[in-house]
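Colleague: Could you walk me through this model, one question at a time?

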Amino acid sequence: SKFNIDIAKILKAYSEKVEIILLNGNHDHNVSWHLAYLLEHVFKNNNDITINSNLVNTKVISYGKNLIALNHGDATKPKDLAAKLPVLAKDKWSSHDNYFIITGDKHTELAQDFNGIMAYRVPQLSSSKSSWDDKNNYTTSKPEMLTFVFQETYLSDIIREPIR
């Protein structure tokens with residue numbers, strides 16, 4: 001909890017507004033919701049830090065000309081998200097030039113282009129291994145933190161930080 005509170009404060013030092021978005025995973029529904037609830041309480045008097053704790057599986061955000069769908073990736077495949085995105089964001093679709101889907105879950109990195117909608121699956125964040133990783137052939141996957149840097153008009157960079 002302290003780590004997430006500190007990260008929010010650091011981000012606020014570099015930005016006028018910070019939005020923290022709860023994106024439930026398949027292993028941590030309760031824990032992540034409680035963390036979001038805690039952050040809402042901690043920052044309740046700070047209008048420049050908001051917490052999006054809505055319990056929906058896909059969240060669509062807009063930044064400049066970029067429309068970004070966030071989904072954990074455990075239930076809906078990126079191809080299906082790409083097909084649904086114009087409907088999920090029908091009120092925002094035509095005011096954007098770039099379309100992105102960012103998921104995780106499968107512990108391996110993947111980038112796909114679905115007719116102009118770029119889908120990125122981020123790798124695992126943890127270097128720990130379990131029998132589940134072995135069963136699903138993820139024991140050789142390298143953990144990394146990917147940071148997507150969006151400018152007002154495009155995705156400018158993907159920064160990689162290896163996790164040891």
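Modeller: Let us begin with a definition: buried means under 20% relative accessible area, exposed means over 50%, and partly exposed lies in between, with a 1.4 Å probe and protein chains only. This is a predicted model, in which local features need pLDDT of at least 70 and side-chain atom pairs count only at pLDDT 80 or more, while totals for chains, interfaces and linings use all residues. Residues are numbered from 1 along each chain as its sequence is written, and side-chain values use heavy atoms, with hydrogens and water left out.

Colleague: Is D105 buried or exposed?

Modeller: D105 sits in the loop between β5 and β6 (110-114), where helices (H or I, at least four residues) and strands (E, at least two) are DSSP runs numbered from the N terminus. D105 has a positive phi of about 70 degrees although it is not a glycine, and most residues other than glycine have a negative phi. Its relative accessible area is 14%, which means that D105 is buried.

Colleague: And N115, is that residue buried or exposed?

Modeller: N115 is found in the loop between β6 and β7, and has a positive phi of about 50 degrees although it is not a glycine. Because its relative accessible area is 82%, N115 is exposed.

Colleague: How is the aromatic pair of F100 and F150 arranged, and which angle lies between the planes?

Modeller: Rings of Phe, Tyr and Trp (its six-membered ring) pair if their centres lie within 6.5 Å, and planes under 30 degrees apart count as stacked, over 60 as edge-to-face and the rest as tilted. F100 in strand β5 and F150 in strand β8 (residues 144-150) are 50 residues apart, and both are buried. The pair is edge-to-face, with 5.1 Å centre to centre and an angle between the planes of 75 degrees.
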